[in-house]
Amino acid sequence: EKDTSDKNGIIVLLPYYRDEMITLLEILKDSKLASMDILIKLHPTHNPLEISSLIQDSWKVVDGNLLSLLKKISIVITIGSSTAVDAIALEKSVLLVTKNRSTMTNFLIKEGYKTVWDIATTGEEIDEKFDTLQEIRKSKKRSIEEVALFYRTQLYVKPTKSSIKKAFDL
């Protein structure tokens with residue numbers, strides 16, 4: 001079920017790999033988000049104590065159902081998480097953060113690039129691209145809805161005989 005209300009919250013979905021988790025938090029600390037109220041969701045395999053020294057005062061580590069958390073926010077920040085696909089399908093904007101674009105895992109398709117999702121490699125780029133995504137959320141809501149519909153209809157297909165044959169050109 002999609003949530004069409006426009007929340008302004010931000011959630012950071014931390015990845016499974018510890019080095020990527022630390023990289024993401026360190027890059028965020030170099031952005032204006034370091035002083036903003038944001039939610040931080042650990043990968044289920046990690047303990048909050050692992051990142052306590054990297055958490056800013058305005059950040060809140062949260063637990064719980066991811067879908068419920070996504071309903072409270074407008075922008076997801078992560079490193080190559082397949083959950084980014086789900087977020088876009090739910091009309092959320094996504095900012096992928098990495099030190100190195102060429103080695104990152106990106107599950108997103110080109111649809112919506114630079115309007116619904118983008119990639120940042122530095123704190124300065126996070127600030128610039130975060131502002132752009134926020135502005136697009138205000139001025140081009142219809143575009144976000146169209147990209148979300150595309151993701152839902154093209155990437156979430158019931159595995160029937162005919163859809164499997166179509167997907168694999170059988």
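Reader: What makes K32 partly exposed?

Author: K32 has a relative accessible area of 31%. Buried means under 20%, exposed means over 50%, and partly exposed is in between, with a 1.4 Å probe and protein chains only. At 31%, K32 therefore counts as partly exposed. Bear in mind that this is a predicted model, where local features need pLDDT of at least 70 and side-chain atom pairs count only at pLDDT 80 or more, while totals for chains, interfaces and linings use all residues. Residues are numbered from 1 along each chain as its sequence is written, and side-chain values use heavy atoms, leaving out hydrogens and water.

Reader: Why is the pair of D131 and K32 called a salt bridge?

Author: The term needs a side-chain nitrogen of Lys or Arg within 4 Å of a carboxyl oxygen of Asp or Glu. For D131 and K32 the closest N and O atoms are 2.2 Å apart, so the pair qualifies. D131 sits in helix 4 and K32 in the loop between helix 1 and strand 2, so the pair ties together parts that are 99 residues apart in sequence. Helices (H or I, at least four residues) and strands (E, at least two) are DSSP runs, numbered from the N terminus. D131 is partly exposed as well, at 37%.

Reader: How do you know that R18 and E50 form a salt bridge?

Author: Their closest N and O atoms are 3.5 Å apart, so they pass the cut-off. R18 belongs to helix 1 and E50 to the loop between strand 2 and strand 3, so this pair links parts 32 residues apart in sequence. R18, with 42% relative accessibility, is partly exposed, and so is E50 at 26%. The whole structure has 7 salt bridges.

Reader: What makes Q134 buried?

Author: Q134 has a relative accessible area of 16%, so it falls in the buried class. Q134 lies in helix 4. Leaving aside neighbours within four places in sequence, Q134 is in contact (heavy atoms within 4.5 Å) with S74 and I75.

Reader: What is the span of helix 1, and what is expected?

Author: Helix 1 (residues 18-29) has 12 residues and reaches 17 Å from its first C-alpha to its last. Buried residues in helix 1 include M21, I22 and L25. The buried residues of this helix pack against several elements, among them strand 1, strand 4 and helix 4.

Reader: Why is strand 1 described as largely enclosed?

Author: Because 4 of its 5 residues are buried, strand 1 is largely enclosed by the rest of the structure.

Reader: How do you know that strand 1 and strand 4 pair?

Author: Two strands pair if DSSP finds at least two bridges between them. Strand 1 and strand 4 have 5 bridges and run parallel, so they pair. I10 stands opposite I75 in strand 4. Strand 1 is also joined to strand 2, by 3 parallel bridges, and I11 has L39 in strand 2 as its bridge partner.

Reader: What order do the strands of the sheet have, and which are the edge strands?

Author: The sheet is open, with 6 strands in the order 3-2-1-4-5-6 and parallel pairing. Strand 3 (59-62) and strand 6 (117-120) are the edge strands, since each pairs on one side only.

Conventions: Expected span 1.5 Å × (residues − 1).
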